[in-house]
Amino acid sequence: MGIIGIGVGATQIMPQMEAMPEIEIVAGADTNPRVREAFGARYEGAHVYDSAEGLCADPDVDAVWISTPNNFHSPHAVLAANAGKHVVSEKPMALNMKEAEAMVEAADRNGVKLLCGHTLAFSPPVMAMRRIINSGELGPLRALNNWAFTDWMLQARGPEELDEAVGGGVLYRQGPHQLDTARLLGGGLVRSVRGVTGKWWPERYAVGYYSAFLEFEDGVTASVVNNGYGYAMTSELVPWGDDRGLIVGATGEDRVAIRKGIKDGTRDEAAAKDSLKIGSEHERVMWRERSEERQPWRPTNLGILIVTCERGDIRQSRFGLYIERDGGKEERDLGDAQYRAGREDLAELYNAVVNGAPVYHSGEWGMATLEVITAIMESSRDRKEVRLTHQVAMPLEYDG
Ligand SMILES: NC(=O)c1ccc[n+]([C@@H]2O[C@H](COP(=O)([O-])OP(=O)(O)OC[C@H]3O[C@@H](n4cnc5c(N)ncnc54)[C@H](O)[C@@H]3O)[C@@H](O)[C@H]2O)c1
């Protein structure tokens, strides 16, 4: 693998790549010299580039993980595909359907695999929910309700992360987690969307909120809400929860100070962002020296999700799922159910490249999720329901 864009997102993926015997990190590219130096020091023998072009010309690279800012996903994926590399794109796949189509076309034309990765739809509890839905044990699926209240807007952010024109804000960045999950559980085929987005802070004028109502072709509905302003937190709404935020684990008190710094302009965003990247104390504590002990699930990026079937509900428990039906409440322990960011995605890509298995989270799958995102924007702007035309189903074989 080669990694293009060695930022905060990449810090979550690198330990998983290291842990997989199928994967070897052979190259990295970033425009930031500090990051390149830290990457070169960690991966002795790996090739280090200051551009995506350099990395894509490297004959030792079979596949690339693209974790550059959102506006580069499409150009970098096309570049990599044209160089004969298989591609995993970070979420969101692209900024719009035209960019996404270019990625699919480039992968097809060059005979390489394209996988749209790194959403919480790949997390073991979500995959287990889907298997229960499809087993029919609770009767037909009827509705999905999903609420995430987080501190996304309070995290250290580069300017591009806050500018909708280049893929900034919670809808582009967090929407893929919730909407990929809703599509996976609902089967994939969203018929229509009504949504609203909110930009409520003049000091940080980005989409910090969205709310959407999705109807699937078969009449199943999904209500999806995301609030990144960091006041109420869904992480507190489970008995074992707490008020810590998404990445830095800030408490409610910390958020008061962070919010003040953002609003009065005294916060050094660039330094705060750099303090989350490769070689930082944060990276060490959060991603490289995590306790082997299994940690209880907390409602973070995906938030709280309740799956309603005709004869029961499913939701996440500490280490698995609660299934509540007429006969009572069952807790199903999923063992090591932790989400190991990137692990399932990389396994799916490897299986496709080496064993000829299908790519389930394909370019077409990613495009369909992106279509929901862009439909929420359109619906919010025009205050109308939007019909979708690029939806694809997730086949039952996916559940194994
Ligand atoms: N922040 C997170 O926790 C997180 C988590 C999961 C996924 N992601 C995804 O990862 C992607 C990047 O987000 P991030 O938070 O890591 O941002 P980031 O700014 O921390 O990382 C992006 C990196 O790409 C580099 N870069 C920028 N332009 C480049 C170019 N043209 N060529 C090569 N390198 C370039 C930057 O120097 C930076 O190091 C986004 O698509 C985001 O959705 C982020």
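**View 1. Helix 1 and the shell around the ligand.** Helix 1 (residues 8-19) gives the shell around the ligand its largest share, 4 residues. Helices here are DSSP runs of H or I with at least four residues, strands are runs of E with at least two, and both are numbered from the N terminus. This is a predicted model, in which local features need pLDDT of at least 70 and side-chain atom pairs count only at pLDDT 80 or more, while totals for chains, interfaces and linings use all residues. To find your way, note that residues are numbered from 1 along each chain as its sequence is written. In total, 27 residues surround the ligand, and the closest are Gly5, Gly7, Val8, Gly9 and Asn32. Sorted by class, the shell holds 10 nonpolar, 12 polar and 5 charged residues. Here Ala, Val, Leu, Ile, Met, Phe, Trp, Tyr, Cys and Pro count as nonpolar, Asp, Glu, Lys and Arg as charged, and the others, Gly among them, as polar.

View 2. The protein is divided into domain 1 (2-119 + 341-362 + 389-399) and domain 2 (121-333), with bounds from an automatic or database domain assignment. Taken over C-alpha atoms, the centres of domain 1 and domain 2 are 23 Å apart. Their contact takes 24 residues from domain 1 and 25 residues from domain 2; two residues are in contact if their C-beta atoms, placed from the backbone, lie within 7 Å. On the side of domain 1 that touches domain 2, helix 1, helix 2 (33-42) and helix 11 (343-355) each supply at least two residues. The largest share of that side, 4 residues, comes from helix 1. Look back at the ligand too: its shell draws at least three residues from each of domain 1 and domain 2.

**View 3. Helix 1 beside helix 10.** The axes of helix 1 and helix 10 (residues 281-288) come within 10 Å and cross at roughly 50°, which makes helix 1 oblique to helix 10. Axes are lines fitted to C-alpha atoms, for helices over the stretch in contact, and angles run from 0 to 180 degrees between N-to-C directions. Angles under 35 degrees count as roughly parallel, over 145 as roughly antiparallel, 65 to 115 as roughly perpendicular and the rest as oblique. Thr11, Gln12 and Pro15 in helix 1 meet Glu283, Trp287 and Arg288 in helix 10.

**View 4. Helix 6 beside helix 7.** Helix 6 (residues 124-135) packs against helix 7 (residues 170-186) at an angle of about 25°, with the axes 9 Å apart. Helix 6 is therefore roughly parallel to helix 7. Val126, Met129, Arg130 and Ile133 in helix 6 meet Thr181, Leu184 and Leu185 in helix 7. These contact residues divide into 5 nonpolar, 1 polar and 1 charged.

**View 5. Helix 5 beside helix 12.** With their axes 10 Å apart, helix 5 (residues 97-110) and helix 12 (residues 363-382) pack at an angle of about 180°, so helix 5 is roughly antiparallel to helix 12. The residues of this contact divide into 7 nonpolar, 3 polar and 2 charged.

**View 6. Two loop residues to look for.** The peptide bond from Lys91 to Pro92 is cis, with omega near -15°, and Pro92 lies in the loop between strand 5 (86-89) and helix 5. His118 lies in the loop between strand 6 (114-116) and helix 6. Phi of His118 is near 60°, a positive value in a residue other than glycine.

Notes: A residue is near a molecule or strand if its C-beta atom, placed from the backbone, lies within 6 Å of it.
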